[in-house]
Amino acid sequence: MAEIVAAFGVPHTPNFPALVAKQGPDCRTAQLYAQVAALLHDASPDVLVVYTDDHFNTFFLDNFPTFAVGIADQISGPNDQTAMPSYRVAGEASLASHVRARVIAAGFDLSLVQDFDLDHSIMVPLHFLTPDMAIPIVPVFINGLAPPLPSAQRCSALGHAVKDAIEDWPADKRVAVIGSGSFSLEIGGPRIPLGERACTPDPQWAKHVQDHLEHGRIAELIEEATASRLARAGNIGGELLNWIAMLGVVGDRKPIFIAPEIEHGHAYAAWRLN
Amino acid sequence: MSIYAVNKLCREALRDAAFRAALKRDPRAAIAPLPLTGEERSALLNGDVAWLYEQGAHPFLLAYLTRWELFGLTVPLYSERIRTAREPGITE
């Protein structure tokens with residue numbers, strides 16, 4: 001049976017690859033991703049299950065799943081003109097199919113996606129964490145951007161169902177789980193300052209989330225992450241749901257690494273699970 | 001529900017360089033074939049992003065318009081206008 005060895009949370013800010021290309025490997029962003037990448041390397045996973053909120057690129061509003069799993073042998077990205085290299089990464093279709101069957105049996109109506117590419121919300125984390133794209137992925141999509149969003153409780157339950165599915169996948173493989181995104185971010189909405197396209201409208205919430213993560217208070221985090229609370233954190237605040245689903249494999253364990261960037265409304269974190 | 005067409009326009013502006021160029025050159029003509037209401041057409045041509053937002057246009061998509069200053073929407077002008085928009089109702 002497969003073993004879940006680690007979990008990670010990172011931002012997926014689309015200008016980070018260009019920023020790091022310009023500022024070099026010693027800049028703060030590069031260093032933070034490098035620390036998470038080193039911990040991921042230590043865990044030596046064979047497969048990455050990645051929770052992502054598509055930004056109207058893989059899907060559009062004509063057909064926008066609340067939850068979906070991507071089953072494919074090869075996946076390309078980014079598909080949204082993010083300034084970064086283009087990549088192809090292998091999909092672990094066997095685990096993805098297994099997750100789909102198990103999670104549907106557990107009561108989640110996961111949509112099926114087989115012919116797709118991915119936007120910056122997966123490709124930016126992979127660019128920094130596994131730049132050789134040598135570890136196959138299973139993308140699990142959560143609607144974090146187009147209200148009404150799934151509840152934090154529902155995303156947590158999905159995370160637990162995916163955990164159960166991974167753990168009875170009949171393969172001798174090491175699996176790591178990644179969630180990415182911001183805790184507080186507004187893009188193009190009424191809270192942006194004059195002359196800006198985006199801002200962190202609720203750094204207190206970002207700090208609060210980071211405190212809960214640091215101390216393993218996941219039940220409290222889920223309780224507090226209501227739809228209105230996420231909306232107050234900004235129109236991209238629903239990306240926390242990717243983290244909450246990822247935390248399904250973490251339980252109340254404390255991270256072995258956590259580095260907040262409160263002014264940017266996000267954090268970098270790692271959990272060891274074996 | 002044709003605000004969907006506004007959202008789609010924003011996405012096509014990102015993806016389709018020819019459409020983007022047409023929007024830049026002659027916005028009225030470029031949006032003429034699209035299934036927009038008269039109010040949506042006027043709001044787009046006037047760069048009234050606050051009204052479009054209140055009708056349900058997604059801000060992540062609307063903000064694409066500033067990348068190429070479509071409909072005259074520079075970042076300062078966009079931000080000034082969107083800040084006047086009413087927040088959408090949030091339901092638990």
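This is a predicted model: local features need pLDDT of at least 70, side-chain atom pairs count only at pLDDT 80 or more; totals for chains, interfaces and linings use all residues.
User: Which residues of helix α1 of chain A are buried?
Analyst: Helix α1 of chain A covers residues 16-23. A residue counts as buried when its relative accessible area is under 20%. In this helix the buried residues are F16(A), P17(A) and V20(A).

User: Why do the buried residues of α1(A) line one face of the helix?
Analyst: The residues concerned are F16(A), P17(A) and V20(A). They line one face because, seen down the axis of α1(A), they fall within an arc of 100°.

User: Which exposed residues does α1(A) carry on the face turned away from its buried side?
Analyst: To count as exposed, a residue needs a relative accessible area over 50%. On the face of α1(A) turned away from the buried side, the exposed residues are A21(A) and K22(A).

User: Against which elements of chain A do the buried residues of α1(A) pack?
Analyst: The buried residues in question are F16(A), P17(A) and V20(A). Their packing partners in chain A are α2 (28-43), α4 (120-129) and β12 (266-272).

User: Is R100(A) buried, partly exposed or exposed?
Analyst: R100(A) lies in helix α3 of chain A, residues 93-105. Its relative accessibility is 30%. Buried residues are under 20% and exposed ones over 50%, so R100(A) counts as partly exposed.

User: Which residues does R100(A) touch, not counting residues up to four places away in sequence?
Analyst: A contact requires heavy atoms within 4.5 Å. With residues up to four places away in sequence left out, the partners of R100(A) are V69(A), I71(A), L110(A) and L112(A).

User: How many residues does each chain bring to the contact between chain A and chain B, and what area do they bury?
Analyst: Chain A contributes 29 residues and chain B 27 residues. Of the buried area, 60% is on carbon and sulfur atoms. In chain A, the residues that lose the most area to chain B are F60(A), P190(A) and R197(A), together 27% of what that side buries. The area buried between the two chains is about 2400 Å².

User: How many residue pairs are in polar contact between chain A and chain B?
Analyst: Across this interface the rule finds 0 salt bridges. The side of chain A that touches chain B divides into 14 nonpolar, 10 polar and 5 charged residues. With both residues at pLDDT 80 or more, the residue pairs in polar contact number 10.

Technical notes. Residues are numbered from 1 along each chain as its sequence is written. Chains are lettered from A and ligands numbered from 1 in the order in which they are written. Side-chain values use heavy atoms; hydrogens and water are left out. Buried area is the accessible area (1.4 Å probe) that two parts lose on being put together, summed over both. A salt bridge is a side-chain nitrogen of Lys or Arg within 4 Å of a carboxyl oxygen of Asp or Glu. A polar contact is a pair of N or O atoms within 3.5 Å; within protein, one must be able to donate a hydrogen and the other to accept it, and residues adjacent in sequence count only if both atoms are side-chain atoms. Ala, Val, Leu, Ile, Met, Phe, Trp, Tyr, Cys and Pro count as nonpolar, Asp, Glu, Lys and Arg as charged, and the others, Gly among them, as polar. Buried means under 20% relative accessible area, exposed over 50%, partly exposed in between (1.4 Å probe, protein chains only). Helices (H or I, at least four residues) and strands (E, at least two) are DSSP runs, numbered from the N terminus. The arc is that of the directions from the helix axis to the C-beta atoms.
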